[in-house]
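Morning, everyone. Please look at the sequence and the structure on the screen, and then we will walk through them together.

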Amino acid sequence: MNWFYLSSPSTFYRFAGWLTPWFFALAALLTAAGLYYGFIVAPTDAQQGEVYRVIFIHVPAAWMSMFLYFVMAAYAAASLTFNTRLAAMMARAVAPTGALFTFVALWTGAFWGRPTWGTYWAWDARMTSELVLLFLYFGFIALANAFDDPRRGDRAAALLALIGLVNLPIIYFSVHWWNTLHQGSTVKLTGTSMHVAMLTAMLLMVFAFWMYAIGAALTRVRSIILERERRTRWVRAL
Amino acid sequence: MNHGFYLWMSYGATALALAIEIAMLVAKRAKSRRLIEEERDLEAQD
C-alpha cells in the first residue's frame, strides 16, 4: 500500500468516510461487552464495594487522554517537519476527543475518590499533571483557532503540542517520583493483581474508547478537510 | 454504603460527554456542508 497516496486530503476524505462507521460500530460492540463484563460478570470488590466499577471508565479514559496527546503531538511534529496539510488537520481533529477523555478521567476520578479517599480532589502530582494536560488540550484548540490563516494556527498549536509533551512522562511517573494520594499502576506489562473478569472489563473498555476516538477523529477531520478545501474542484464536485 | 450516586455520576457524565461530542461532530459536519453550498452559490453568481 502506498501511504503517500493517503496523504492527499481528497483521497483520505474518502478513505476515512469508508472506515468511520466500522470504528463506531466496533466501539458500540466493545462498550456493550465491557459494560456486561463490568457490571454482570466482574465481582464486587471486597474492600471498595461497588464503587470500584468506576475504574472501568476512569482508567481507559486516563490512558486515552495521554495516548491521544502523544498522537496529536506526533501529527503536529509531522506537520511542522514535512509541512503536510493532512497531518495538521489530524492534530486538530484529535485534540477535542483527547480533551474529552481527559475531562472524563478527572471527573470519574473525583467520583471514585470521594467514597474511597474521602475527597473529590487533592492537589497531588498525578491529578494536578492530568489537569495540566486538560489545559494543554484547551490551549492547543484555542491557539489553533486564534489566527485568520489556519496554517499559522497549525504551526503555533503544533509548537505548543510539542512543548506540552514533557507533561506525559510527568503524569505517568508522578506516582513514583512523588508521594501521591493516587495509587501506583495496577496493570503493568509484567502482570497484574486484578481479578481476570475485572481486567477483561477494563481492557474491553480501553479498546472501546480507542475505537471511538479513531471514529470521532476521522469524522472531525473529514469536516476540517471540507472546510479547508471547499474552494477546490473535488469538494465542489461532491 | 450506597455507591449508586458515584457510579451514576461517573457513567452518566461520561455518556453525556460522549453524546455532546457526537452532537458537535454532526453540527461541524453540517457547518462544513453549508460552507460548501455558500461557495457554490458564490461561484454561480460569478
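Start with a definition: helices (H or I, at least four residues) and strands (E, at least two) are DSSP runs, numbered from the N terminus. By that rule, chain B has one helix and zero strands. Some housekeeping. This is a predicted model, where local features need pLDDT of at least 70, side-chain atom pairs count only at pLDDT 80 or more, and totals for chains, interfaces and linings use all residues. Residues are numbered from 1 along each chain as its sequence is written, while chains are lettered from A and ligands numbered from 1 in the order in which they are written.

Chain B, then. Its C-alpha trace spans about 70 × 5 × 5 Å along the principal axes.

Now burial. A residue is buried if 20 or more other C-beta atoms lie within 10 Å of its own, exposed if 12 or fewer, and partly exposed in between; C-beta atoms are placed from the backbone. In chain B, buried residues make up 13% of the 46 residues. In helix 1 of chain B they are Y6(B), L7(B), S10(B), T14(B) and L25(B). What covers them? The cover includes helix 3, helix 4 and helix 8 (196-228) of chain A.

Next, the contact between the chains. Two residues are in contact if their C-beta atoms, placed from the backbone, lie within 7 Å. Chain B gives 19 residues and chain A gives 27 residues. The chain B side has 10 nonpolar, four polar and five charged residues. Here Ala, Val, Leu, Ile, Met, Phe, Trp, Tyr, Cys and Pro count as nonpolar, Asp, Glu, Lys and Arg as charged, and the others, Gly among them, as polar.

Take one pair. Helix 5 and helix 7 of chain A pack at about 170 degrees, with axes 8 Å apart. Angles over 145 count as roughly antiparallel, so helix 5 of chain A is roughly antiparallel to helix 7 of chain A. Their contact holds eight nonpolar, three polar and two charged residues.

Where is N83(A)? The loop between helix 3 and helix 4 of chain A holds N83(A). Its phi is near 55 degrees, a positive value in a residue other than glycine. Most residues other than glycine have a negative phi. Why does N83(A) count as exposed? Because N83(A) has 12 C-beta neighbours inside 10 Å. I163(A) sits in helix 6 (residues 150-164) of chain A. I163(A) also counts as exposed, because it has 12 C-beta neighbours inside 10 Å. The C-alpha atoms of I163(A) and V41(A) are separated by 43 Å, and the two residues are 122 apart along the chain.

Terms used:
Axes are lines fitted to C-alpha atoms, for helices over the stretch in contact, and angles run from 0 to 180 degrees between N-to-C directions. Angles under 35 degrees count as roughly parallel, over 145 as roughly antiparallel, 65 to 115 as roughly perpendicular and the rest as oblique.
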